[in-house]
Structure formats: C-alpha cells, structure tokens
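Subject: Structure handover

Hello,

I am passing on the structure we spoke about. Please open it beside this email and follow along.

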Amino acid sequence: DQAILAASAKHPVVPLEKGRFYTYGTAGFRMKADLLDGITFRVGLLASLRSRKQNSRAIGVMVTASHNPAADNGVKIVDPLGDMLEQEWEHYATALVNAPSDEKLVEVYNRLAVDLKIDLKAPAKVVYGRDTRPSGHTLVAALADALDATNTEAVDFKILTTPQLHYLVRATNSEGTPLAYGTPSETGYYEKLAEAFGRAMRGRKINGPLVVDCANGVGGPKLQEFLKYIPKEKYNLDVTVVNDDVLRPEILNLECGADFVKTRQRAPPNPKPQPGVRSCSLDGDADRLIYYWVDPDSGFVMLDGDRISSLAASFIGDLVETAGLRDELRIGVVQTAYANGASTTYITQHLKLPVICTPTGVKHLHHVAQGYDIGVYFEANGHGTVLFSPDALQAFRKTQPQSPAQKEALDTLAALADLINQTVGDAISDMLMVEVILAHKKWTLRDWAMTYTDLPNRLVRVEVGNKDLFETTDAERRLLRPEGAQEEIDQAVKKYKDARAFARASGTENACRVYAEAATRSEANELAERVARIIE
Ligand code: NG1
Ligand code: ZN
C-alpha cells in the first residue's frame, strides 16, 4: 500500500467538474495527453491485477490515440490472447481512475483484489508499447511506476503499431506451447508475416505499384522495416511509402491517413495523387486500412472496410468450397450499422453468406466473429480482420487432398490464417491479405470496385447537450430514447427511396452521429440533415 501511495502521489488524476467521470470507452481512455498521466498510472495498477487474475499471464498496455490529433493520447489494455480487455473489467478501470484521492485509490485497488479473489503475491507481467506521439514517452513512465509499485514484471517494447502490441501479448503467452502464435519480438512479427505472405502468394505476381499513406504515424517506419523482409522482385512488390514523417508530431493524421480518406471521401492532398495509381492509407496506429485510386474519368474511388470484408469473404468462401470444407466450416461476416447496404446485399445474396450486425466498436464484432469457424469482420472505417477457429486450422492441415486444386486451396487457407492477424485488425497484415487476393484473382482496383455499387451515404456529427440521453437498441439501429425521436426518424426515412438512417451517441467523442443512405447523393444528404435536426 505504501509503495502505491507514494507512486500515486507523483501521478495525480486531474479532477473533472462535479458529476462527471472518466470512462473506459471503446478505445480505452482517450483525451488530451496532458490529462492522461495519472490515468495511465492507474491503468497500470489494473493491468497488474488483471495479470494476477489471469494466472500470471502477460497483459498488454498500448498508449495511442490512433487517428486523433497529435495533442491527444490514449491508453488501453490487451487481454492474454491479444484481444480487448474483458468488458466487465472496463468498470474496474473506471472505478480506479475516478478514485478521488491516493488513499481512496489504494482502497479501491485492495477491494478489487478481495472481491475478485486476486492473490497480490502471485507473479504479474505486463508488456507495453506506444505510438510515435511525443507524450507517449512520459505516459509509459507513469505506467512503469505503477508496475514497479505493484511488483509487476514489465517488458517495454517501445514504439509499435497497436496490432504489433496485440501480437506480442499473444505470442508471449503462447510461447513454447502447441498453440505458439509466433516469436514474441518485433522481428518475430515481421518474419511471421513475410513467411506467410510468400506461402499465400504461391508464385503469383502483384498487379502494379502501390502507394501507401501512413498518416505520418508509427505505420510508416514499421512498414519500411517490414518491407526489408520481403524479396520484392519475386512478387513484383513495388511499394512507395508516403506520409511517413514521424519527426514532426504536429503533422500526425493531418490531412492524410485512413480516417481522413474515409470521412472526407477523397485522397490525401499530399503527395499529389497520381491518376490511376493504386493507393491505400493506414491510420495513426496502423490498425485501419482504406484502398482507393483517382480515376482519370470518374474521379476518386474508395474501397473501404466493407469492400475489404466482401473481398475477403468472397475469396475465402471460394477456397473453402474448393477445399471441400463448405459443409464442415461455418463462415460468417460481421458488420455494424455503418456498413453500406449494398455490401450487405452483396454478401447475403451473391456470396450467400450470413451477415450479423453488432454495435459499433471492434470488441463487439470480434466477439461475434469468434462464434464462427471463419469469422470475417470489418468496420466500414477499415478496422477489422478474419478469425479462424481451431477446428478450421485443423481442417486446413489434416484434410487429405484428392486433387492438386484441393491441395492448393487447403495450403492457401493455412497460409492466410498465418498472414492475417488473429488478435485484432492490422493494417499491414490486412494490406498483404488484399494484395494476395488481388494477385490470385488477377484483379485491378477497378475490377474489385465493380463487384457492387455503394449506396450514396452521409455521416454527420451532431453536437447535442447531453449525449447520454441517447439510448439505442437493435445493434444501434433504433433509438429507444429520447422518447418520440425514433418515430420522427421513421417518418423522415419514409420520404426517400431505398433509404435508411439512424442516430446514436458516439463512444469516443462528446457528440452524436447520424448516418443516412438513399438512392441518390442529394437525398442521402437531405435525409442526414433532417435526422440531425430531429436529434439536435
Ligand atoms: P464512435 O465515436 O463510437 O462512433 C468511432 C468509430 C468506430 C470505432 C471507434 C473506435 C465511426 C462511425 N465510429 O466510434 O467505428 O472505430 O471510433 O476507434 O467510424
Ligand atoms: Zn487506429
């Protein structure tokens, strides 16, 4: 207790106005970096408790604010298998962070240990990393103080992408077991991806150069590093990395990156887009990916998370068929309400695969995807992955092929399962997956875009007095509260053809979001404005 008290005194939490609390949201704690020192310290306390509760397995802590501006930062916890912190524990994080004094903090900490039957003398281990934000340096020092005060073994992996940290947590915990996920080092991550990429390509060549915009974030140096592990000529891999300046923090996510491209629906202005060149953007911590090109005739064309999802589902679905496993393995595609309606129709009617809709936030999608042998999940913003169950992995390895085609399908599936990050959405790994699929299909980005036509849509952010008044149901597609609002939205939607709209409170910002789709761009805009006025 004394050690925690003394260390905590060095990392005070900035009090909020009366009646307001810090909450562990969809992205952990995220806010202006200067508010985060004490919060990060307390997250360290929780991570040590979590490790002790989880039989001393390693827990991860990542310091990042993803696509947010440079002045922000954030901190979140990663569970032993590399997935997000169990939901119940988010409340404990909130309780620790909002304790009003150092003494109360120790009280909450000890009460949690008693209530959760945690042996505070058991060993504990936490592995951590941060993105390139300058504030990350002092925040991990606060974290290290908490690990020190609680006698927790700490492994500092320094600067990483978010998905690399998730990989390292799982690799650390599975080392030396039959389920070993990979060598628990940054090099181990690159080696695993490069080897699986080679196996998945199976002698194919990539169809044209690719420009990768790294949002001036951690993805830049990490992608450069990864490329050293790939024999480029062998695959015709011609990647130009742009917006990879991490030495000028103020330009992080500024007019570039996956979030800019998705929300502004245009290419980053710098470097000047070259017509026809295949391009993609990562976000600031390299867990989101959006593809696009500027067409000399039709202008900017974007291939977002829904496109990546349907591309993966179509390719993997075909492989499973050729591998003779269609009756054995259940494939499911998980989306949120923000998925374009045309993608949902394409997946259900053309690919004949089930689509499940969950609330926003990857933890929800990940959880549902785990219920399938092959669970494909992506948010429209480009964050997602494909999960393979132990049964699926076993089937890829153990099935006796009756033909060369069947053998090829089984081997490609096994390679994809290694290439695709199984812990969380990973822009670098997802990009390699997309390149493998396009190489197999011999598709250009235009071929990919031709699979279906997006319904025109509009997303708006609406300032509201109190976003907590907005309560939703049906995977956030309908409002329960404020009373009467949903009826008004229904009336508005009825006025348009092929229309759909919903409103919900953001989990990461103090605002509501309205999404609308309709047959034409002007109708989608009009409907979004109408719904915005209803909830304002
Ligand atoms: P909120 O702020 O709850 O809408 C946003 C994104 C999510 C997810 C989280 C976490 C949209 C519409 N929402 O959530 O998809 O990525 O941030 O980063 O893109
Ligand atoms: Zn991110």
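Below are notes on confidence, helix packing, the ligand and a few backbone details.

This is a predicted model, in which local features need pLDDT of at least 70, side-chain atom pairs count only at pLDDT 80 or more, and totals for chains, interfaces and linings use all residues. Residues are numbered from 1 along each chain as its sequence is written, while chains are lettered from A and ligands numbered from 1 in the order in which they are written.

Confidence

pLDDT is the predictor's confidence in each residue, from 0 to 100. The protein has a mean pLDDT of 97, and 100% of its residues reach 70 or more. Where pLDDT is low, predicted coordinates should not be read in detail. For the model, ipTM is 0.95 and pTM is 0.97.

Helix packing

Helices (H or I, at least four residues) and strands (E, at least two) are DSSP runs, numbered from the N terminus. Axes are lines fitted to C-alpha atoms, for helices over the stretch in contact, and angles run from 0 to 180 degrees between N-to-C directions. Angles under 35 degrees count as roughly parallel, over 145 as roughly antiparallel, 65 to 115 as roughly perpendicular and the rest as oblique.

Start with helix α1 (residues 2-9) and helix α5 (residues 136-149), whose axes come within 9 Å and cross at roughly 165°. The two are therefore roughly antiparallel. Ala-3, Ile-4 and Ala-7 of α1 make the contact with Asp-145, Ala-146 and Ala-149 of α5 (C-beta atoms, placed from the backbone, within 7 Å). These residues divide into five nonpolar, no polar and one charged. Here Ala, Val, Leu, Ile, Met, Phe, Trp, Tyr, Cys and Pro count as nonpolar, Asp, Glu, Lys and Arg as charged, and the others, Gly among them, as polar.

Helix α11 (residues 305-322) packs against helix α12 (residues 341-350) at an angle of about 10°, with the axes 10 Å apart. That makes α11 and α12 roughly parallel. Asp-306, Ser-309, Ser-310 and Ala-313 of α11 touch Ser-343, Tyr-346 and Ile-347 of α12. By class, this contact has three nonpolar, three polar and one charged residues.

α11 also meets helix α15 (residues 404-419): their axes come within 8 Å and cross at roughly 135°. α11 and α15 are therefore oblique to each other, and the crossing is left-handed. On the α11 side are Ile-316, Leu-319 and Thr-322; on the α15 side are Ala-405, Gln-406, Ala-409, Thr-412, Leu-413 and Leu-416. Six residues of this contact are nonpolar, three are polar and none is charged.

Ligand 1

Which residues come nearest to ligand 1? Of the 14 around it, they are Glu-379, Asn-381, Ser-506, Gly-507 and Thr-508 (a residue is near if its C-beta atom, placed from the backbone, lies within 6 Å). The shell has two nonpolar, nine polar and three charged residues.

Backbone details

Most residues other than glycine have a negative phi, and most peptide bonds are trans. The bond from Asn-270 to Pro-271 is cis, with omega near -10°, and Pro-271 lies in the loop between α10 (258-264) and β8 (278-282). Arg-481 and Pro-482 are also joined by a cis peptide bond, with omega about -5°. Pro-482 is in the loop between β17 (478-481) and α18 (485-494). Lys-352 has a positive phi, near 55°, and sits in the loop between α12 and β12 (355-358).

Regards

Key. A crossing is left-handed if the near helix is turned anticlockwise from the far one by less than a right angle, and right-handed if clockwise. Two residues are in contact if their C-beta atoms, placed from the backbone, lie within 7 Å.
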